[in-house]
Amino acid sequence: MFHSMVTRARTSNSDIAVLIEPESVLLPDFMTALQYAHGLEHDWLLVAMSPKVSYFPFYMESQGQWFEEGGLLVEHEKVQQYYMQKHQWINCEGGKLWAWNTGELPLHAGVMPPFIYGKGFHNEWLLNEAMSSDFRFVFDASEAISIFHPENGLNFNGHSTENVAIADKVGRIWEIEGNMHLAALYGSFYFRPANFSNKPVKLVECDGKYYMINPPNEPKYQQAIKQESSASEFNSDREGLKRIHKNVKLMTSFRRFFLGKRQRKPSVRLDKSLVQGSGRSYRWKNMILGSIKRGPRAECIHISNTEGRKLDCSTSELKVDLKPALTLSLSFSLESLLQKVANHENTIVLAVVGNNYRDMLMSWVCRLRRLKINNFLVCAIDHQVYEFAVLQGLPVFMDGPAMNISFNDCHFGTKCFQRVTKVKSRVVLQILQLGYHVLLSDVDVYWFKDPLPYLKSFGPGVLAAQSDEYNETEPLNLPRRLNSGFYFARSDHATIVALDKIVKHAALSDLSEQPSFYDTLCGEGGVNRVGDYLCVEPETNLTVHFLDRNKFPNGAFNGLWEKSNLKGACKDQGCIILHNNWISGRKKKLERQVASGLWDYDVSSRMCLQRWQGAKSMSSY
């Protein structure tokens, strides 16, 4: 996710953070431009577009030396010259490099949505929000940095770039639509005023010096700024500023930065010399108004303007008529999702959830990802959680018509709960019939480690399920103590027939599916019990194994949720999972899990909690 990448970079302790596409090639002038930017006294954000080079005959060894075909050593200057001759701009369709100083100011206002990286709109959205928020000085370094994507068949990882591009265009429209939807819903991208310019100030290099200039085709008064190597006074042309106020119709990042900061008191750190004209040292020198007609700068600006026409984003997706989609859907059937998600043993982890538990769903997903478990699948029971999951990039499908789920009144014992639980067994049966093994887990089950290695040890003809019995002295398999919120079912004949019986039993019951599980498999009153932790269904000979409560405790066992150090207590007990049940109400359940520290999702940033997030304040997200 793009927002995770940006946030991870923002936690860096280095002076400058850089986000770059992995297939990009950077030449040495990148570091020179960064050194220049590093000298700016205000927080800044640099963006650079990546042109393409159709054929790139050089390669780099690990020591940082360039070679051409045949193994002949090549100087950096020859590579740079080749790039200058062969690079081609492709409007705004190329990748982008981002760099910024890791200062106090955020990159933009508000929250960045969970864009899927590389599927459009996230770069344009960030540029728009950074410029409209006006926190940082935003400039385009595309003409000062040599960055490109080689397109001569093999990229630097040995993969075919052409095949990757083709694969991205086939059957993946939902990712682009999802990013478009997010771009329209979040921030100001969808609500850009007609007079808003998407063109930031440009950084250009000429005769070994850097210049900041306005992009081409802007209003009458062009501006250029030269930064000397030594600090100098910031001199403003007051009359020129007045003329700009009268004539500006398209406000660039540069003008908003220099004019806007003079008009209002900044809410975050800002050099007083810029606001008050106090004469204190400032590294920007001579804001030059009017056309530049002679001297080396005039020639540089003319060349830049010519190049700039190739970078004009007016015909790009920035001008697409963004409209939030009425509905979002994946272009995958359940069968195709199973093929993509299942692991090499044809096993999937299934969660069935409604919108009332979407935050808990994300915490559950984040925990599985931290455990490096990716073979999970989400069954949505209403449209809201389905679209939410699509926008989070989760593998999700809907089973039949959407249900009307009560947000705060769908807990154990309610009619809503009874309807929801019956979906679970029906979906599990459907997946088993397609030939996949299923670990069904409610999203209020916290995973300390991957339970699949343990569960698969039971072999075929065994359904392993959690026990809801909390009394340590009582058998695990007492009547109606089978918890249908966590069980492992194999795709074998006995299990499929037994699950079919459960589904039919539940369809005729006024209760939830949980009593149907026990009564079907263990018999009413437990007549099919074998010992203290087994049942055997007589018609299919399916064995039900009630899982060890120390390893798979329910929410009332051993008072775990009341422990001051829940993680430590579970570690000592040997917990593999812990169910957050035996508590009534969604709000109480959420509060208990968050307070215990068994929570892995940051609702405000739409991201999984990471260890590195504590390294630096994340106040801007």
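Colleague: Starting with a strand pair: which residue is the bridge partner of Y59 in β6?
Modeller: F67 is the bridge partner of Y59 in β6. Keep in mind that this is a predicted model.

Colleague: Noted. How many bridges join β5 and β6, and in which sense do they pair?
Modeller: β5 pairs with β6, residues 66-68, over 3 bridges, in the antiparallel sense.

Colleague: And what is the strand order in that sheet?
Modeller: The order is β5-β6-β7, an open sheet of 3 strands with antiparallel pairing. β5 (58-60) and β7 (72-74) are the edge strands, each with a single partner, so one side of each has no neighbour in the sheet. On average, neighbouring strands in this sheet are turned by 40° against each other, ignoring direction.

Colleague: Which strands does β11 pair with, and in what sense?
Modeller: β11 pairs with β9, residues 137-140, in the parallel sense over 2 bridges. With β12, residues 209-213, β11 runs antiparallel, and 5 bridges join the two.

Colleague: What stands opposite K202 on each side?
Modeller: D140 stands opposite K202 in the pairing of β9 with β11. In β12, I213 stands opposite K202.

Colleague: Which residue has a positive phi in the hairpin of β11 and β12?
Modeller: D207, with phi near 55°; that hairpin has 2 residues between the strands. Most residues other than glycine have a negative phi.

Colleague: Where else does a residue other than glycine have a positive phi?
Modeller: N346 has a phi near 60°, and N558 has one of about 60°. N346 sits in the loop between α11 (334-341) and β17 (347-353). N558 sits in the loop between β26 (542-546) and α18.

Colleague: Are those two buried, partly exposed or exposed?
Modeller: N346 is partly exposed, at 35% relative accessibility. N558 is partly exposed as well, with a relative accessible area of 33%.

Colleague: Since you mention α18, which of its residues are buried?
Modeller: L566, A569, C570 and Q573 are the buried residues of α18, which covers residues 566-573. Seen down the helix axis they fall within an arc of 95°, so they line one face. As background, an α-helix has 3.6 residues a turn, so residues three or four places apart point the same way.

Colleague: What covers that side, and what is on the other?
Modeller: The cover over the buried residues includes β27 (577-579) and α19 (586-596). On the face turned away from the buried side are the exposed residues K571 and D572. After α18 comes G574, with a positive phi near 85°.

Colleague: On to cysteines. How many disulfides are there?
Modeller: The count comes to 2 disulfides. One joins C366 to C608, S to S 2.0 Å. That link is left-handed, with -80° about the S-S bond. The pair connects distant parts of the chain: C366 is in helix α12 (residues 358-370) and C608 in strand β29 (residues 607-608), 242 residues apart.

Colleague: Are C366 and C608 buried or exposed?
Modeller: C366 and C608 are both buried.

Colleague: And which cysteines make the other disulfide?
Modeller: C522 and C535, with S to S at 2.1 Å. The link is right-handed, with 105° about the S-S bond. C522 is in the loop between α17 (513-521) and β24 (529-530), and C535 is in strand β25 (residues 534-537), so the pair ties together parts 13 residues apart in sequence. C522 is buried at 0% relative accessible area, and C535 is buried, also at 0%.

Colleague: Are C570 and C575 buried or exposed?
Modeller: C570 is buried, with a relative accessible area of 0%. C575 counts as buried at 5%.

Terms used. Residues numbered from 1 in each chain as written. Predicted model: local features only at pLDDT ≥ 70, side-chain atom pairs only at ≥ 80, totals over all residues. Heavy atoms only, no water. Pairing = 2+ DSSP bridges. Helix = DSSP H or I, 4+ residues; strand = E, 2+ residues; numbered from the N terminus. Axes fitted to C-alpha atoms, helices over the stretch in contact; angles between N-to-C directions. Buried < 20%, exposed > 50% of the residue type's maximum accessible area, 1.4 Å probe, protein only. Arc of directions from axis to C-beta. Contact = heavy atoms within 4.5 Å. Disulfide = S-S within 2.5 Å.
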